There are 2 protein chains.
Amino acid sequence: MIREETVFVVDDDPGVLKALTRLLRSSGYAVAPFSSPLAFLDRHDPAVSGCLVLDVAMPGLNGLELQQRLAQKGNCCAIVFISGHGDVPKSVQAMKAGAVDFLTKPFSDVELLEAVDIAIGKSRAARQVDHERKLMQQRFTSLTSREREVFEHVISGQLNKLIATDLGTVEKTVKVHRARVMHKMGAATFADLVRMAERMGIRPARPSPHL
Amino acid sequence: MIREETVFVVDDDPGVLKALTRLLRSSGYAVAPFSSPLAFLDRHDPAVSGCLVLDVAMPGLNGLELQQRLAQKGNCCAIVFISGHGDVPKSVQAMKAGAVDFLTKPFSDVELLEAVDIAIGKSRAARQVDHERKLMQQRFTSLTSREREVFEHVISGQLNKLIATDLGTVEKTVKVHRARVMHKMGAATFADLVRMAERMGIRPARPSPHL
DNA sequence: GTTCCTATTGGACCAAGGTCCAATTAACCT
DNA sequence: AGGTTAATTGGACCTTGGTCCAATAGGAAC
């Protein structure tokens with residue numbers, strides 16, 4: 001069975017790193033091993049999709065710190081932690097920060113593979129959502145400020161005439177802007193435009209009372 | 001400072017239970033103490049909003065099992081776990097199941113209060129969303145099957161004429177159903193209807209290619 | 001200065017949505 | 001059998017949205 005996503009493995013213990021790499025490769029994953037957190041940070045390409053198997057205790061930068069660094073960089077790579085000495089506060093911190101799992105040695109091959117499988121799935125889903133959101137926001141920034149104003153009024157369901165008075169102009173002008181918004185956003189229908197706004201987190205100019 | 005939400009505390013150690021109750025009360029929370037998980041399950045009213053402070057190790061039903069029970073009952077009460085002997089697998093399981101925090105003794109008053117504060121916040125937000133979703137779904141069930149069909153086509157942005165041919169009827173009929181859907185759902189505008197569908201997780205009959 | 005972009009508006013016109021009144025048919029419950 | 005609800009359709013009518021063509025005005029860039 002062949003999969004496309006890459007599993008990044010970071011562990012300072014060469015033996016463990018090798019063993020993990022072999023296990024994951026034999027399960028059909030593409031694996032990129034790193035012997036130190038800094039090496040990973042240096043050479044990691046955020047564009048490549050995948051998940052991260054990460055040792056907690058490492059010299060230099062520990063696993064939790066690396067997790068924070070990645071979060072700051074907006075890299076929402078799903079992480080599976082592995083650790084030698086279980087430490088509850090560390091595990092809780094990791095999970096609160098969004099880790100997929102936190103395994104303590106000794107763990108079975110199956111445990112790791114299941115965790116990696118879930119991580120890959122989450123990573124893929126997150127990447128998909130992220131990609132769509134970025135695409136929409138890119139289109140949104142191509143709107144002029146006036147078009148953005150019209151946009152926010154339009155998705156609140158107001159009639160063109162009302163939008164016009166709100167913006168101090170006439171219905172005809174609103175129609176033109178509205179058409180341009182639809183075109184620039186790539187929305188085939190009004191319903192699509194509303195859904196795009198929802199996913200971008202754009203609030204209607206006049207929120208409805210019941211929502 | 002007075003707050004409205006109740007903090008449910010479950011701990012089999014009378015001393016700890018008393019101390020926690022006093023601490024939380026002095027911080028302005030209404031507190032409902034329980035000396036056993038079963039007592040909590042018996043007398044807990046899901047309608048009362050609040051969060052749960054829960055000891056992990058207890059006779060009869062342990063904290064994690066209680067968490068599972070509550071999840072099955074759809075009670076999404078936010079949970080803060082406290083435990084004597086840190087156990088990484090347990091803490092990870094608890095966090096994966098949605099716990100807000102997992103504190104190990106000894107913890108400071110501040111730590112607990114901060115965790116409870118976050119839990120209360122999450123509980124309130126979840127309750128709000130839940131309430132709106134239930135209200136909408138209740139309205140949705142009041143629709144006839146035909147109206148539901150029309151609903152799913154309408155929110156995909158299709159023209160009434162196309163919906164009619166899809167459903168094997170005429171435009172006029174669709175208009176009538178459409179108007180009834182708007183009325184029954186309490187949607188003031190079409191945009192509201194689309195947002196309602198999004199939040200209820202109702203997929204359009206014809207998904208748009210870019211969304 | 002000329003050009004490009006943005007915002008604005010007018011007019012004409014068609015298609016589509018929404019509403020009011022009215023009516024028929026079938027299924028289901030009492 | 002009689003009443004209720006759901007589903008269906010017709011017609012008339014008005015409002016709105018969308019589009020095409022055309023034009024003006026201000027600001028920024030070259």
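The questions and answers below go through a predicted model of two protein chains, A and B, with DNA strands C and D, and set its values against the terms used for them.

Q: Why is Ser83(B) called buried?
A: A residue counts as buried if 20 or more other C-beta atoms lie within 10 Å of its own, and Ser83(B) has 20 such atoms within 10 Å, so the term applies. Ser83(B) has its place in strand 4 of chain B, and, leaving aside neighbours within four places in sequence, it is in contact with Asp55(B), Val56(B), Ala57(B), Phe102(B) and Thr104(B).

Q: Why is Lys184(A) called partly exposed?
A: Partly exposed is the term for what lies between exposed, at 12 or fewer C-beta atoms within 10 Å, and buried, at 20 or more; Lys184(A) has 16 other C-beta atoms within 10 Å and therefore belongs to that middle class. Lys184(A) is found in helix 8 of chain A, where its contacts, apart from neighbours within four places in sequence, are Arg139(A), Ser142(A) and Leu143(A).

Q: What makes strand 4 of chain B mostly covered?
A: Six of the six residues in this strand, residues 78–83, are buried. Both faces are covered, with Ala78(B), Val80(B) and Ile82(B) buried on one side and Ile79(B), Phe81(B) and Ser83(B) buried on the other.

Q: What makes strand 2 and strand 5 of chain A edge strands?
A: The sheet of chain A is open, has five strands in the order 2-1-3-4-5 and is paired in the parallel sense; strand 2 and strand 5 each pair on one side only. Neighbouring strands of this sheet are turned by 20° against each other on average, direction ignored.

Q: How do you know that strand 1 and strand 2 of chain A pair?
A: Five bridges join strand 1, residues 6–10, to strand 2, residues 30–34, in the parallel sense, and since at least two bridges are needed, the pairing holds. Val10(A) has Phe34(A) as its bridge partner, and Thr6(A) stands opposite Ala30(A). From strand 1 the chain crosses through helix 1, residues 14–26, to strand 2 of chain A in a right-handed β-α-β crossover.

Q: Which residues come nearest to DNA strand D and to DNA strand C?
A: Of the 16 residues around DNA strand D, the nearest are Asn160(A), Thr144(B), Arg146(B), Thr169(B) and Thr173(B). Of the 16 around DNA strand C, the nearest are Thr144(A), Arg146(A), Thr169(A), Thr173(A) and Asn160(B). The surface near DNA strand D has five nonpolar, five polar and six charged residues, and the surface near DNA strand C likewise divides into five nonpolar, five polar and six charged.

Q: What makes up the side of chain B that touches chain A?
A: Here 25 residues of chain B are in contact with 25 residues of chain A. Helix 4, strand 5 and helix 9 of chain B each supply at least two residues to this side, which divides into eleven nonpolar, nine polar and five charged residues.

Note on methods:
Residues are numbered from 1 along each chain as its sequence is written. Chains are lettered from A and ligands numbered from 1 in the order in which they are written. This is a predicted model: local features need pLDDT of at least 70, side-chain atom pairs count only at pLDDT 80 or more; totals for chains, interfaces and linings use all residues. A residue is near a molecule or strand if its C-beta atom, placed from the backbone, lies within 6 Å of it. Ala, Val, Leu, Ile, Met, Phe, Trp, Tyr, Cys and Pro count as nonpolar, Asp, Glu, Lys and Arg as charged, and the others, Gly among them, as polar. Helices (H or I, at least four residues) and strands (E, at least two) are DSSP runs, numbered from the N terminus. Two residues are in contact if their C-beta atoms, placed from the backbone, lie within 7 Å. A crossover is right-handed if, with the strands pointing away from the viewer, the path from the first strand over the helix to the second runs clockwise. Axes are lines fitted to C-alpha atoms, for helices over the stretch in contact, and angles run from 0 to 180 degrees between N-to-C directions.
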